[in-house]
Amino acid sequence: MTDALLSVRNLRVEFPTRRGVLTAIDDVSFDIMPGEVLGVVGESGAGKSLTGAAIIGLLEPPGRIAGGEIMLKGQRIDNLGAEAMRRIRGKRIGMVFQDPLTSLNPLYTVAQQLIETIRTHADISEAEARKRAVALLDRVGIPAAARRIDDYPHHFSGGMRQRVVIALALCAEPELVIADEPTTALDVSVQSQIIDLIKEICAERGAAVMLITHDMGVIAETADRVAVLYSGRVAEIGPVTQVITAPEHPYTVGLMGSIPTLTQDHARLVAIPGAMPRLNAIPQGCAFNPRCERAFDRCFAARPEPLPRGDRRQVACWLYDAVAPAAEEKANV
Amino acid sequence: MNRFARIWDSDIAWSFRHSPVAIVATIVALIIILAAVLAPWIAPYNPFDSASLNLMDGFTPPGEPNQFTGNTYLMGTDNQGRDIFSTILYGARISLFVGFAAVIFAMVLGIGLGLLAGWRGGWVDSLLMRVADVQLSFPSILIALLIFGVARGFIPPSMREEVAIWVLIVSIGLSDWVQYARVVRGAAMVEKSKEYVQAARVIGVHPARIVLRHILPNVMGPVLVIATIGLALAIIAEATLSFLGVGVPPTQPSLGTLIRIGQQYLFSGEWWILLFPSIALLLLALSVNLLGDWLRDALNPRLR
Amino acid sequence: MLAYIIRRIAQSVLVMLVVALVSFALFRFVGDPINSMVGQEATIADREALRDQLGLNDPFLTQFATFVARAAQGDFGISYRLQQPVMELILSRLPATLELALVSGILAFTFGVGFGVYTALRRNGWLSNTIMTVSLIGVSLPTFLIGVLLIWVFAVELQWLPSFGRGDVVSVGGWPTGLLTPSGRASLVLPAITLGLYQMTLIMRLVRAEMLEVLRTDYIKFARARGLANRAVNFGHALKNTMVPVITITGLQLGSIIAFAIITETVFQWPGVGALFINSVRFVDVPVMAAYLMLIALVFVIINLIVDLLYYVVDPRLRVDRAATRH
């Protein structure tokens, strides 16, 4: 896996608090190949956004990376100095945030923000940068881009602003784009347009995407592979078709049960009982054990590590451990 | 868990135990308040008992024996031979009395008007909030000064001395009600629109009960913060007015009056008449301010 | 835009009328103006004649209208205490106050914004913590005490600077200024620091709080995520957004500076309008009090107006929204 664009190994993110250190991300590993779309799903608080923030080096204090490595094209980036990391942000890793209404500085025109970003990463003239900015706005689907570029953010609708945000994230041609719930704050009617835009434009430029969302539907349509996060750990990761058609981790099974589909004749959505544990009350063993219908004594005793399950697929669940899993399960069923 | 343990374990108490500033400020403020309240019992002299004053004792430097009488005073004496330490204790008593009274007055007035504005809404609300806006755009010390000046104008000269302290309290209180009113009005408007309040009103629960049970508890935190910082402001306002010679009458000198007196002897070298009351005022204002600052941060962790 | 300005001016006029009413009530009902103007030996008939002559027997509204009309022309009558026209007194002392206020305002703004930005960016540095602690002491120190302590140190002990008065002044186009003479400048130092210190701490704490707030926003995070240089993020994006609310409040502080000048002028015996006002309060010199009240209100109203317009220039959002959404 040395040809991976981004390689996260055993990442651990901690928050020191007055009642002790909370581990928000615990031993998370995954790879993103060049041009690949990796979907990252999980409930709020599972550590999706934190993983994104850790990769781009923008964890908010007191949060800190306490262990593991993040490699971009084989180069370690989690221990870079502030200035070296700044050069990577925007230029090699772009980021799209959740809320387009608050992502743009209200006091600067779109042109000012685009040109400033382009010229930060490329040594070109103002006029040249402006030309690029107009072309980019046009590409992301802003009508009359040459004229509207001098408008302020508040002149644009939410969907249009998210297009501007995408243009800003992509304007220095990064190899990887982290999109953190890019459609959550938008109208349902424009959500799929924005997702399609991100997918298309990244494919065009050969940029890989890490798409963070809690919407399994979006993942199914967009991603090549998917990582399911639960309580700061990877529960299951693998090619999206396999994970969706044949989920293995009981949590993933539950998530699949909660997607509404047109073909389901019994119009019943299965909800996973209970809620994800808080960071200061993660149970011993597998963090999912209180909500898991198939939990057995081993799940309460020790934490399952990701087990390889075929081609680039891993599941962190004792059910799939080689040591007498079948017998245990039969006994349970 | 019993009540005390619960309080001890609360976030506020935790924040207090881990803030040396808050602890020191509380101790200093408590010492000053206690010393002021107990002034008649702990002051070595009664500075207002003219029979016990000896002009020969005047201008005694701190800690040195007087050249005529041989008496020694911890913080020296002023021009009339009054013990500075004792005048500070009595002065702090007046400063604190005016400060607390003004804060209570402002708080009662502000909460009352805030509830009225928030609960009644309509033109009452518009009028009160417009007045508040205008008042808020002027510094409160100026408002207090103007109210004081106007009030003095209406009071016959013969009574001015007598009621000066009450006029002062009302002036400072009136200059500082706006913030309470705004907070309480906001809370009243929020609660009023909630369904349980609507329901309670429909079944005829007395508004006073809704106000006491639901609105006031919600604003206790912010009101406490405003009141603490307001106390520091009121003490400073009183000291300022007294320093300007328009506050408390000279027969009841507060810390501000003492500083005004001390300033006159600065050029002749009797620095202690100025210095010790200044330190007392600074410690008092600073400790109360620090407490207010800490309280605001502790109740609103986001601001840190 | 135009409608908005007109509405703001109308509001200002309304505020001025309310203040005029207070001034008038003060003027008319505090004490008996006749007593203040004639001696003890005047007969009742004399007094009545004077009342008629001054219009004191006219209906309330007529009297108020007369008061406003005369005030608009700068006629506030004669000072009871100094027996001079009030407007003349105020005008002769206004330059001293304005000069003091302006210098302190510039000091307060420059250092306030500088320290505020510094302490926000270096949040937990030792220098930031020191500045914050000192600023809390500054807020707790009453203005008059700062003045007195400065006099003690720099005028009495070190004897570097004068402790009272304005020094030599020269007249520039009818405006007596102390800025052009060495003694005038020396005399300005301590009062300007005294007056500016408190405002500086306020501005500094405000800038710090606003800046911290802005630094937490999504658009700052997004700016960082795009790899913009720290300098561009902090001083371009963050500072500009910080300045929007800061301008409003700082503008209003300018009014406070003029009001706080009362205290500073008393401490340093600065020959300005504040000292005049304090004496008028002490001696219940109503015409001077009324005129000062109107003057201060006018200053505040004008500053408010300017600040609102400035706001409009700085924040593009208001150019469309505000005129439309304000009721």
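Tutor: The radius of gyration is taken over C-alpha atoms, and the globule rule is 2.2 Å times the number of residues to the power 0.38. This is a predicted model, in which local features need pLDDT of at least 70, side-chain atom pairs count only at pLDDT 80 or more, and totals for chains, interfaces and linings use all residues. Residues are numbered from 1 along each chain as its sequence is written, while chains are lettered from A and ligands numbered from 1 in the order in which they are written.

Student: What radius of gyration does chain A have, against that of a compact globule?

Tutor: The C-alpha atoms of chain A fill a box of roughly 70 × 50 × 40 Å along the principal axes. With 333 residues, a compact globule would have a radius of gyration near 20 Å, and the value for chain A agrees, being 21 Å.

Student: How many helices and strands does chain B have?

Tutor: Helices (H or I, at least four residues) and strands (E, at least two) are DSSP runs, numbered from the N terminus. Chain A has 13 helices and 12 strands. For chain B, the count is 13 helices and 0 strands.

Student: Which strands stand at the edges of the open sheet of 8 strands in chain A?

Tutor: The order of this sheet in chain A is β6-β7-β8-β3-β9-β10-β12-β11, with mixed pairing. Each edge strand has a single partner, so one side of each is left without a neighbour in the sheet; the two are β6 (93-96) and β11 (307-308) of chain A.

Student: What angle does the direction of helix α1 of chain A make with that of β7(A)?

Tutor: Two residues are in contact if their C-beta atoms, placed from the backbone, lie within 7 Å. Axes are lines fitted to C-alpha atoms, for helices over the stretch in contact, and angles run from 0 to 180 degrees between N-to-C directions. Helix α1 (residues 48-56) of chain A packs on the sheet, touching β3, β6, β7, β8 and β9 of chain A, and its direction makes with that of β7(A) an angle of about 145°.

Student: Which residues of α9(B) make the contact with α6(B)?

Tutor: Helix α6 (residues 122-136) and helix α9 (residues 178-192) of chain B pack at about 140°, with their axes 10 Å apart. On the α6(B) side, the contact is made by L128(B), A132(B), Q135(B) and L136(B). On the α9(B) side, the residues are V178(B), A181(B) and R182(B).

Student: Which element gives the most to the side of chain B that touches chain C?

Tutor: The contact takes 34 residues from chain B and 34 residues from chain C. The elements of chain B that give two or more residues to this side are α7 (140-154), α11 (207-243), α12 (255-264) and α13 (272-299). With 9 residues, the element that gives the most is α13(B).

How values were computed:
Pairing = 2+ DSSP bridges.
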